[in-house]
Amino acid sequence: MLYLRACESRSAQPILDDQLAAQHVARIDYDWERVHRAVRPAINQFGVALRGAQFDALVTKYLAAHQNATVLHLGCGLHSRATRLAIPPGVRWFDVDLPQVIALRRQLYAESGRYHMIGSSVTDPLWLDQIPKGGPALIVAEGVLMYLTPDDLKRLLPQLLDRFDSGELLADLLSPWGPRLSRSGIIKWGTRDGREITRWDARLRLIDDSSVIAGLEKIPLTTPRLLYRIQSLIRTTRNYDRLFQYRF
C-alpha cells in the first residue's frame, strides 16, 4: 500500500497526493522493483488512492465536529494519515499495528503529546490499557477487519466501544467473494451489506456506505479510468470492497 500511494503521488493530477509515501519509499531499503512487479501500480494505485481519499474525507469531517476526539487507527501500516491531515490540536491519535510494523514506523515518525504509536495485534486487549477512557472517538479500520475472524471482532468491538462515550467506526469490508478469492486464506469473512457488525454489537448503527472506487472520475488517465468505470458498472466488482460508516 505504501508503494502504491507513493506511485499515485507522482501523478500529474494526484487524487490522494501522499507525498510522504514517496519520501518513505526513498528512505526504506527494500526491493521495490519486486513490489512494482507484484502490485501493478499502473492500475492499482488509483484504487488505493480512491479508498484513501474517502477515508481522509470522513476523518476530516468527524474531527472538524469533534475537536477533542480520540482516534484509533487500527492496522495503520505505514500510512501517513496522522501527519498528513490537518488534525485539530485537541485530538489524541493512536496508530496501532503489529510490533514489527511500529518499529519501522518509529524510524519514519516521531511521537508527540497527542500522537502515539502502539505495537500490538489489535486482537490483544492489553493494548487498550494505553487508551484514555471517555469522550468521543473515531475508530479507523482501512483494509484490516477482513483479516480478523468474526470471533475476533465479536470480542474486539465491545472492548473498543466500552472505552468511549460516543463515536464512529469507519471500515472497508469485502463482499462474500473475498474469502472465496483469497488463495492464501488470509481473508476471513465477507459481508453483503455490512450489518453483521451491528448484530455483533448493537450499539453500532450503520449510517452510510459507498464503493471504495466512488469518485473514479478523478482518475487522470484515460485507460485506468475506463477500466474502473467498467468495474463500477458490474455489481459484483463495484461492491467487492465497500466503505461502511457506523455510529455508536
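Colleague: Which strands does helix α4 lie across?

Modeller: In this predicted model, helix α4, residues 41–65, lies across β1 (70–74), β2 (92–97), β4 (136–141), β5, β6 and β7.

Colleague: And at what angle does α4 run to β5?

Modeller: About 175°.

Colleague: OK, on to the sheet. What is the strand order?

Modeller: The order is β3-β2-β1-β4-β5-β7-β6, in an open sheet of seven strands with mixed pairing. β3 (115–119) and β6 (205–211) stand at the edges with a single partner strand each, so one side of each has no neighbour in the sheet.

Colleague: How much are neighbouring strands turned against each other?

Modeller: By 15° on average, ignoring direction.

Colleague: Remind me, what do strands of a sheet pair through?

Modeller: Backbone hydrogen bonds, and the pairing can be parallel or antiparallel.

Colleague: Then do β5 and β7 run parallel or antiparallel?

Modeller: Antiparallel, with seven bridges joining β5 (residues 166–174) to β7 (residues 241–247). If you want to find the pairing on screen, Ala171 has Phe244 of β7 as its bridge partner, and Leu169 stands opposite Tyr246 in β7.

Colleague: How many bridges are there between β6 and β7?

Modeller: Six, and that pair is antiparallel. Arg205 has Arg247 in β7 as its bridge partner.

Colleague: How many residues of β7 are buried?

Modeller: Six of its seven residues are buried, so β7 is largely enclosed by the rest of the structure.

Colleague: Changing topic: where is Glu142?

Modeller: Glu142 sits in the loop between β4 and α7 (150–161).

Colleague: Buried or exposed?

Modeller: Glu142 counts as buried because its relative accessibility is 9%, and the cut-off for buried is under 20%.

Colleague: Which side chain does the Glu142 side chain make a polar contact with?

Modeller: That of Arg81, at 2.9 Å. Leaving out residues up to four places away in sequence, Glu142 touches Arg51, Gly52, Phe55, Leu74, Gly75, His79, Arg81 and Asp172. Arg51, Gly52 and Phe55 fall within helix α4, residues 41–65.

Colleague: Last one, the helices. At what angle do α1 and α3 pack?

Modeller: Helix α1 (residues 2–9) and helix α3 (residues 32–39) pack at about 85°, with their axes 10 Å apart. That makes α1 roughly perpendicular to α3.

Colleague: Which residues meet there?

Modeller: From α1 there are Leu2, Tyr3 and Leu4, and they meet Trp32, Val35, His36 and Val39 of α3. By class, this contact has six nonpolar residues, one polar and no charged ones.

Notes
Residues numbered from 1 in each chain as written. Predicted model: local features only at pLDDT ≥ 70, side-chain atom pairs only at ≥ 80, totals over all residues. Heavy atoms only, no water. Pairing = 2+ DSSP bridges. Helix = DSSP H or I, 4+ residues; strand = E, 2+ residues; numbered from the N terminus. Axes fitted to C-alpha atoms, helices over the stretch in contact; angles between N-to-C directions. Contact = heavy atoms within 4.5 Å. Parallel < 35°, antiparallel > 145°, perpendicular 65-115°, else oblique. Nonpolar A, V, L, I, M, F, W, Y, C, P; charged D, E, K, R; others polar. Buried < 20%, exposed > 50% of the residue type's maximum accessible area, 1.4 Å probe, protein only. Polar contact = N/O pair within 3.5 Å; in protein donor to acceptor, adjacent residues only side chain to side chain.
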